[in-house]
Amino acid sequence: MTVLEINDVKGFMAKLLASDTFDDYYILEAVITKANTFTIDGRLNEEYLADAGEDVTDLTAFRFQAWGKVRSLCFDLVKGKTLPIFMKVVLQLPESKVADILAESGASIRPEEITGLYLNITYDRKELRVVTGTSLKTFSMDKSLEREWDEAAGKIMAEYM
């Protein structure tokens, strides 16, 4: 876990909300507080998707929506003359990119042992932080995956720190 202080709030928020940089990440949760608080749960609703005629046979109970599908909604909630008081977005790196990070790390962890690699983005009264997170299904003393993810996330955020 690494805490990254983002100094260029406007630049990073533009990248998050107005570009496709994070579109393939999964959205676990978004909370936006302005005059009201809006909460988005990123879990896909299997019943809704089935009613809409989509194939739900491959979905599991913990499948999440891609950030790109809800990004414009979040952007609409944030935009305006007055900045939000608070905003939190939790993103999970897609499995295809997790495999790349795992390979780079040289960790002794098997892919099926990884629950997820996360970016916890929190804006609170003009301060913006990104906290990386690594979750494994089993305990491991090997921290090389966590270090590799922290480094990769740091590279993504470097231009805004």
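Why does Ser105 count as buried? At 15% relative accessibility, Ser105 falls in the buried class, because buried means under 20% relative accessible area, whereas exposed means over 50% and partly exposed lies in between (1.4 Å probe, protein chains only). The structure is a predicted model, in which local features need pLDDT of at least 70 and side-chain atom pairs count only at pLDDT 80 or more, while totals for chains, interfaces and linings use all residues. Residues are numbered from 1 along each chain as its sequence is written, and side-chain values use heavy atoms, with hydrogens and water left out.

**Overall build**

- The chain holds 5 helices and 6 strands, where helices (H or I, at least four residues) and strands (E, at least two) are DSSP runs numbered from the N terminus.
- Along the sequence, these elements follow the pattern β-α-β-β-α-α-β-α-β-β-α.
- The radius of gyration of the chain is 17 Å, which agrees with the value near 15 Å that a compact globule of 161 residues would have; this radius is taken over C-alpha atoms, and the globule rule is 2.2 Å times the number of residues to the power 0.38.
- Taken along the principal axes, the C-alpha atoms fill a box of roughly 50 × 45 × 25 Å.
- Of the 161 residues in the chain, 40% are buried.
- The chain exposes about 9,400 Å², of which carbon and sulfur atoms supply 52%, with accessible areas coming from the Shrake-Rupley method with a 1.4 Å probe, and with only the protein chains shown counting as cover for residues.
- Among contacts in the chain with a separation of 6 or more, 70% come from residues 24 or more positions apart, where contact means heavy atoms within 4.5 Å.

**Helices H4 and H5**

- Two packed helices are described by the angle between their axes and the distance between the axes.
- The axes of helix H4 (residues 95-105) and helix H5 (residues 144-157) come within 8 Å and cross at roughly 115°; axes are lines fitted to C-alpha atoms, for helices over the stretch in contact, and angles run from 0 to 180 degrees between N-to-C directions.
- On the H4 side, the contact is made by Ile101, Leu102, Glu104 and Ser105, and on the H5 side by Ser144, Leu145, Glu148, Trp149 and Ala152.
- These contact residues divide into 5 nonpolar, 2 polar and 2 charged, under a scheme in which Ala, Val, Leu, Ile, Met, Phe, Trp, Tyr, Cys and Pro count as nonpolar, Asp, Glu, Lys and Arg as charged, and the others, Gly among them, as polar.
- Ser105, which lies in H4, touches Ser144, Leu145 and Glu148 when residues up to four places away in sequence are not counted.
- Ala99 is also found in H4 but is partly exposed, with a relative accessible area of 43%, and its C-alpha atom is 6.9 Å from that of Pro111, a residue 12 positions apart from Ala99 in sequence.

**Helix H1 and strand S5**

- Helix H1 (residues 9-18) has Phe12, Met13, Lys15, Leu16 and Leu17 as buried residues, and these pack against strand S1 (3-6), helix H3 (67-78), strand S4 (86-92), strand S5 (114-124), strand S6 (127-136) and H5.
- Ile121 has its place in strand S5 and, at 3% relative accessibility, counts as buried.
- Not counting residues up to four places away in sequence, Ile121 touches Phe12, Leu16, Met87, Lys88, Val89, Leu91, Leu128, Arg129 and Val130.

- Glu29 lies in strand S2 (residues 26-33) and counts as partly exposed at 26% relative accessibility.
- Leaving aside neighbours within four places in sequence, Glu29 is in contact with Ile40, Lys88, Val89 and Val90.
- Thr39, found in strand S3 (residues 37-41), is exposed, with a relative accessible area of 56%, and is in contact with Ala30 and Val31 once its neighbours within four places in sequence are left aside.

**The loop between S5 and S6**

- Most residues other than glycine have a negative phi.
- Arg125, in the loop between S5 and S6, has a positive phi near 50° and is exposed, with a relative accessible area of 60%.
- Lys126, also in the loop between S5 and S6, has a positive phi of about 75° although it is not a glycine, and counts as exposed at 65% relative accessibility.
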